Amino acid sequence: MPLVGSPRHGPPLKLAGRAQRRPPPRTIAPKCDISSPPARLTRRAVSAASLLLTALPFPASSPQLPVASASETEEEVGGGEGGAPALELERYTDQDQGFTLLKPTSWPKVEKAGATALFQQEGKGSNNIGVVVNPVRLSSLKDFGTPQFVADRLLQAEKKKESTKSAEVISTGERSGRDGLTVYEIEYSLDSTRGGMKRIFSAAFVASRKLYLLNVAYSDTEEKPLDKQTRLVLEEVLHSFDSV
C-alpha cells in the first residue's frame, strides 16, 4: 500500500591510440550482505505484489519460494450492487513464509516470477491479490518511516513508470497485527496505460527480518466504478493480512 546498486562487471575500457597492457586478474566482488545499508534505490518489475518494493529497502533478487497451502475456512462479505452474488472469502496461510490473509474463493492462485503468492480473478487478471516476501535489515517499518512517508515514496516510484498517467494517495493508516506487530496500510488510485484506472490497497509489515508486502488491485473506471460492497470485501482482505 525505497533501493540496491551493484558494481559494473566486464573488461576495462580500451583507450584509442595507446598500447594495451594485459589487464590484472579480475577479482570477484563479495556477495552483498543484507545487513549493510543499500547504496541506492532499485526497482522490480513484478506486477501487483511488487508495487511497494520500489519504496522500501530490500535485496535485489528473490529466491523461488515454496507453494503455500490454503485452509477451507470461509467468510462471506457483502454482495455486489444490482443483486450480484456476494464474494466468498477463504483464509490462505503460508506457514513456511509466515503470513496469512483472506482471498476470494473464486480467485485461483497463479505462478508469477518474483511473487510469493498471486491470486487473479478469472477472466480479468488485472484484478488481483499479490504477496511478496523478502529479507531486509529492518526490525520494524517504523525504522523506515511513517505510513505517510512510505506512501509518498511509493507514489514517487509509481509516477516514474512510463506507463503511469496519474497516481494519487487516498488514505494511509497503521494498525496492530499479531503480537502487536506494526502494519502499514495505504490506499491510492492509479491510472496507467496498462490496465486503465485501478484502486490499489497495500499493506506492509516487517517480521523476523522479512518484509511482507500485500497489494490488492481492482478496476475502478468512470464507466464502472468500484462499488461499495466490493470495496468492503477488498478492505476485509487488506485488514486480514498478518503474520502467523
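Modeller: One definition to begin with: the expected span of a helix is 1.5 Å times one less than its number of residues. Also, this is a predicted model.
Biologist: OK, what span should the 13 residues of helix α1 have?
Modeller: Helix α1 covers residues 147-159, so at 1.5 Å a residue it should span 18 Å. Its end C-alpha atoms are 18 Å apart, which agrees.
Biologist: Which residues of α1 are buried?
Modeller: Pro147, Val150, Ala151, Leu154, Leu155, Ala157 and Glu158. They cover an arc of only 160 degrees around the axis, so they sit on the same side of α1.
Biologist: And what covers them?
Modeller: The cover includes β6 (164-176) and β7 (182-192).
Biologist: Switching topic. How many bridges join β4 to β5?
Modeller: Five. β4 is residues 117-121, β5 is residues 124-135, and the two run antiparallel.
Biologist: What do β4 and β5 form?
Modeller: A hairpin, with two residues between the strands. Gly123 sits in that turn and has a positive phi of about 85 degrees.
Biologist: Now the inside. Which residues touch the most other members of the largest nonpolar core?
Modeller: Phe99, Leu101, Ile129, Val131, Leu214 and Phe241. That core has 27 residues. Elements giving two or more residues to this core include β4, β5, β9 and α2 (228-240). Another core, of 19 residues, lies apart from it, with Ala151 and Leu213 among its members.
Biologist: Where do Phe205 and Phe241 lie?
Modeller: Phe205 is in strand β8, and Phe241 is in the loop between α2 and β10 (242-243). So the pair ties together parts that are 36 residues apart in sequence.
Biologist: Is Phe205 buried or exposed? What about Phe241?
Modeller: Phe205 counts as buried, at 0% relative accessibility. Phe241 is also buried, at 0%. Ring pairs link both into a cluster with Tyr92, Phe99, Phe119 and Tyr212.
Biologist: Last one. Where is Ser219 found?
Modeller: In strand β9, residues 210-219. Ser219 has a relative accessible area of 12%, so it is buried; the cut-off is under 20%. Leaving out residues up to four places away in sequence, Ser219 touches Lys124, Asn127, Met197, Lys198 and Leu226.

How values were computed: Residues are numbered from 1 along each chain as its sequence is written. This is a predicted model: local features need pLDDT of at least 70, side-chain atom pairs count only at pLDDT 80 or more; totals for chains, interfaces and linings use all residues. Side-chain values use heavy atoms; hydrogens and water are left out. Helices (H or I, at least four residues) and strands (E, at least two) are DSSP runs, numbered from the N terminus. Buried means under 20% relative accessible area, exposed over 50%, partly exposed in between (1.4 Å probe, protein chains only). The arc is that of the directions from the helix axis to the C-beta atoms. Contact means heavy atoms within 4.5 Å. Two strands pair if DSSP finds at least two bridges between them. A nonpolar core is a set of buried Ala, Val, Leu, Ile, Met, Phe, Trp, Tyr and Cys residues joined through side-chain atoms within 4.5 Å. Rings of Phe, Tyr and Trp (its six-membered ring) pair if their centres lie within 6.5 Å; planes under 30 degrees apart count as stacked, over 60 as edge-to-face and the rest as tilted.
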